[in-house]
Each structure stands twice: as structure tokens, then as C-alpha cells.
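Dear colleague,

Please find below a structure that I am handing over to you.

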Amino acid sequence: MTAPTLEVRGLTCAIGRRTLLRDADLTARPGTSLSVMGPSGSGKSTLLSCLAGLHTPQAGTIRVDGTDIASLRPARAAAWRLRTIGFVYQFGELLPELSAVENAALPLLIAGRGRREAYGTAESLLGELGVGGVADSPASVLSGGERQRVAVARALSTRPPLILADEPTGALDEHTTDDVCETLFRLPGRYGCALVVVTHNPVVAHRADRRLTLREGTLHDSTPGTPPDTTTAEA
């Protein structure tokens, strides 16, 4: 069996007196997708922050592409994150004064790639994701769906093994949500990455290979055919 891209064991995370995650386990393998659903404030975004090494949990281990996040020194963590994890946020978080292709090329430029390589890769990804025609347009004039596809291209630019998406359709209408979901959930099969999406939208969550629900700090596997008391998920 293929080694997991993401492996989480016994993850416990509290903020103040509130425990947001309690002894959580999950696994995601290359070419698969996993969704985590729950209401606002349930801890979904905190979970993603832990998976990215941006927040330190009280207990548990997180391994991404074979690396134990806790073993990373701060000086190495940013460079590791840049090449290992791609992020897609609710509002795209593009730099409005830059063009679509400039936004998509940013991670590669930060990683030290040459301008020709960075822009060539970005243009290729924008074309593959159906937004090649807006490559030279300022991000400020793009539609919501176009912004999210550019954000996906940016997340993919370094070919990371893991993509994390935080409410990626939360600011979109129903039609655009469907279009962006088509783009997102094709990524694992097309690029061989693992995809983790947190959302409050059951229609979005349903697209994933495995589906979790976060309730009162505990992850429950809600994939059809899974026993209702299952708390360990693998995709």
C-alpha cells in the first residue's frame, strides 16, 4: 500500500479552556481527498493550522510526506512548508495589484526558481485549470471563481504532496461552488497529491473520498458505509 502523505495520531489541541480537537486520528494517501465538516467555531481551521505546522498542539504526532512536523526547527519550517503544502483560502487571498500569473508564480519565485521557469509553470497551471485567458489580468478584476482557480494554481505551483483548503467555496454562489469543486476534487487524481478540505457545506464535503465530521472536539467518520462510531479516518 502507498505510504500516506498525511498521518495524524492522537492529535489534541486546546485554546484557552476549550478543547477543539481531542485524540484525533486521520490518514490521507496520495491521490485521495478528505473533507472535514462542522459548524463555524468547531475547530476546523485550527485543525488545518496544526496540519500545516502553524499551530502547536498539546499532544499527538503529525507527519506530512514522511516528516514529523514537531521535528522541524523554525528556520527550516517555512522552507519545508513552501515545498510540501499548498494552501487555498476562502477568499483566494491573492495580491490584488498583481496579475493572475504573477500571483500563481509567487511560491516558485520565493523558493528561488528563475523567473522564466516560475512564469512558465504558472501559465501552464492556469491553462490546465481553465483560467489561462486571464493570466495577464489584475487579480482585482477577476470573478470569485477565477480568483479561486488562480489560488489553486498558486497552491499547486511547487507541486506539493498535500493541499489544504479552508472553506474554499464559502464566498461563492451555488453555480460557482460547483465549478470550483470540480477543479479542487480533480486535483488528487490529476496531480497525485492528497487534498484535505474543511467546509460547513455538506454538498462540498460529499465530493471527497472520505468525509469526517468534527463534533465537540472529536472527529467522526461520516463516509457512507462506515460504522457511525468510527473516529479514525483514512483516505
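Predicted model: local features only at pLDDT ≥ 70, side-chain atom pairs only at ≥ 80, totals over all residues.

Residues are numbered from 1 along each chain as its sequence is written, and side-chain values use heavy atoms, with hydrogens and water left out.

The chain as a whole

The secondary structure comprises 7 helices and 11 strands; these are DSSP runs numbered from the N terminus, with helices being H or I of at least four residues and strands E of at least two. Along the principal axes, the C-alpha atoms fill a box of roughly 50 × 40 × 40 Å. The radius of gyration is 17 Å, which agrees with the value near 18 Å that a compact globule of 235 residues would have; the radius is taken over C-alpha atoms, and the globule rule is 2.2 Å times the number of residues to the power 0.38. Of the 235 residues, 50% count as buried (buried means under 20% relative accessible area, exposed over 50% and partly exposed in between, with a 1.4 Å probe and protein chains only). Among contacts with a separation of 6 or more, 69% are made by residues 24 or more positions apart, where contact means heavy atoms within 4.5 Å.

Two helix pairs

Two packed helices are described by the angle between their axes and the distance between the axes. Axes here are lines fitted to C-alpha atoms, for helices over the stretch in contact, and angles run from 0 to 180 degrees between N-to-C directions.

Helix α3 (residues 100-110) and helix α4 (residues 115-128) have axes that come within 8 Å and cross at roughly 125°. The two are therefore oblique to each other (under 35 degrees counts as roughly parallel, over 145 as roughly antiparallel, 65 to 115 as roughly perpendicular and the rest as oblique). The contact of α3 with α4 has 10 nonpolar, 1 polar and 3 charged residues; Ala, Val, Leu, Ile, Met, Phe, Trp, Tyr, Cys and Pro count as nonpolar, Asp, Glu, Lys and Arg as charged, and the others, Gly among them, as polar.

For helix α5 (residues 144-156) and helix α6 (residues 174-191), the axes come within 9 Å and cross at roughly 15°. That makes α5 roughly parallel to α6. In this pair, G145, Q148, R149, V152 and L156 of α5 meet residues of α6 including T176, D179 and V180.

Single residues

Helix α6 also holds C181. C181 is buried, at a relative accessible area of 2%. Apart from its neighbours within four places in sequence, C181 is in contact with T169, V204 and R207. T158 lies 23 residues from C181 along the chain, and their C-alpha atoms are separated by 21 Å.

Most residues other than glycine have a negative phi. D65, in the loop between β4 (59-64) and β5 (67-68), has a positive phi near 55°. E216, in the loop between β9 (210-215) and β10 (218-221), has a positive phi of about 50°. E216 is exposed, with a relative accessible area of 76%.

Yours sincerely
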